Amino acid sequence: MSVTTPLRRAPHAGPAARTLAPSQARRIAVAAQGLDRPRPAGPVTMAHLQRVVDRIALLQIDSVNVVARAHLLPLFARLGPYDPALVDRAGGRAPRRLVEFWAHEASYVPPATFQLLRWRMESYRERDHWGRERDHHPGVLEAVRDHVAAFGPVTATEVHAALGHARGAKEHWGWNWTPAKHALEHLFNVGEIAAAGRTPQFERAYDLTERVLPPAVLAAPVPDAAEAVRRLVAQSARAHGVATLRCLADYFRLPAAATAAAVADLVEEGTLEPVHVRGWKDGYLAAGARLPRRVAARTLLAPFDPLVFERRRLLALWGMHYRIGIYTPAAQRTHGYYPLPFLLGEHLVARVDVKADRQAGTLRVRAVHGEDPDGVPGLARSGAASWPARGEVAEELAAELAEMARWLGLGEVVTDDDAGGDLRGLLTAALAHA
């Protein structure tokens, strides 16, 4: 049951501002992301997936596949074991529910949100990032556009082959693109073509945008840039529950000035309420945001989960200085290669470095570290009773890892012999009884 607790006013934050304790802000944030809700008891359906997308507004895409594709993990966190084919259907079959574009980095967004990003597409057209490369190959843009129109959906590999473009030597990651690939990226960035889906190898299949977006979305008026940003900020606010101006801009990577103007409008209309979070800074509470008395969340969060997008917010509310190790030399990693924060109740109580070893059929734990409750903002003031004992953390984490292994089709969870971290022994024992 969600109950809104009376909040004290903050004299220094202005006459209309209220004060939130860090614990209240954490519970609001967890609830806004839907992480406090029970997972479906039966089969997960497209309706379940749609409700998650409606709540969190986007799914960030990343090529890293240590556990599973980045966009699949936030859905598991909220739905539990589900069929990833649902996502393929949502993004590649009518009625299309997800479309790719640059939102919080490369992301899946609802088709209506794609239209709210038209101003960004126009800015890409003005910058014309790939124009210099295309100038060396006159006519390639037109040839690529015509090929997609005639044969789409088509992958970049298919376009390369059709136009006779061979890749050059790979000097460093990502930049041995053919002229056709440069043209495809330009057309994608400016919205003339869109991703009609992904292949099993996760390669985009491009088609004309008017053949990708649903007819009703295409028929609706496209708002101007200011109105589009205002709507995106409103989505960001609902997904955050409580956030600073920086957080609201970061969710869709919006310009700071445009975000500030949108926030002013949303405050005036009552969609946002200025608040102060004790020990953090002034921010904004979304209208209708829930403040549960407690949250019973238990889940593993991907490095690209919306709850942990904004790392300063993560540190300010949860006391977690979070970095993934994939871009860090092995000797400098503090918590492993791909550590997942573990949410239990309102707290991030551990992080576990895991790898799906598909060849061996196991989910491998390579390191597991408990968090220090002394570093959690407001915990001493609100009472440390909400922080679970280490044995409970290990048992709950073991259960969640077993659930993840089942979802991934892996037989068991194993702890590497050389696994690091202070919770290794407790987790190993808990896994033996899970």
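Arg 230 and Glu 269 form a salt bridge in which the closest N and O atoms lie 3.1 Å apart. This pair links distant parts of the chain, with Arg 230 in helix H13 (residues 225-240) and Glu 269 in helix H15 (residues 256-269), 39 residues apart. Glu 269 has a relative accessible area of 47%, and because buried means under 20% and exposed over 50%, Glu 269 counts as partly exposed.

The structure is a predicted model. In this model the count of salt bridges comes to 28. Side chains of opposite charge can pair when their charged atoms come close.

Arg 351 is buried, its relative accessible area being 4%. Glu 371 has a relative accessibility of 16% and therefore counts as buried, since the cut-off for buried is under 20%.

Salt bridges with shared partners join Glu 100, Lys 181, Glu 185, Arg 198 and Arg 204 into one network. Within this group, the side chains of Lys 181 and Glu 185 meet in a salt bridge of 3.0 Å, N to O. Both residues lie in helix H10 (residues 179-189), where they are four residues apart, about one turn of the helix. Lys 181 and Glu 185 are both buried.

## Three-stranded sheet

Strands S3, S5 and S4 make up an open sheet of three strands, in the order S3-S5-S4 and with antiparallel pairing. Its edge strands are strand S3 (59-60) and strand S4 (99-103), each of which pairs on one side only. Strands of a sheet pair through backbone hydrogen bonds, either parallel or antiparallel.

S3 is joined to strand S5 (residues 105-109) by two bridges, and these strands run antiparallel. Leu 59 has Tyr 108 as its bridge partner in S5.

## Cavity

How many cavities of 30 Å³ or more does the model contain? The count comes to one. The largest cavity has a volume of about 30 Å³.

S7 gives the most, with three residues. By residue type, the lining of the largest cavity divides into four nonpolar, two polar and two charged residues.

## Gly 42 and its distance to Pro 215

Gly 42 is located in the loop between helix H1 (22-32) and helix H2 (46-56). With a relative accessible area of 41%, Gly 42 is partly exposed. Gly 42 and Pro 215 are separated by 173 residues in sequence and by 33 Å in space, C-alpha to C-alpha.

Methods. Residues numbered from 1 in each chain as written. Predicted model: local features only at pLDDT ≥ 70, side-chain atom pairs only at ≥ 80, totals over all residues. Heavy atoms only, no water. Salt bridge = Lys/Arg side-chain N within 4 Å of Asp/Glu carboxyl O. Buried < 20%, exposed > 50% of the residue type's maximum accessible area, 1.4 Å probe, protein only. Pairing = 2+ DSSP bridges. 1 Å grid on protein atoms, 1.4 Å probe; cavity = no way out; pocket = protein on both sides within 12 Å on 5 of 7 lines; lining within 4 Å. Points joined across faces, edges and corners; volume = space filled by probe spheres on them. Nonpolar A, V, L, I, M, F, W, Y, C, P; charged D, E, K, R; others polar.
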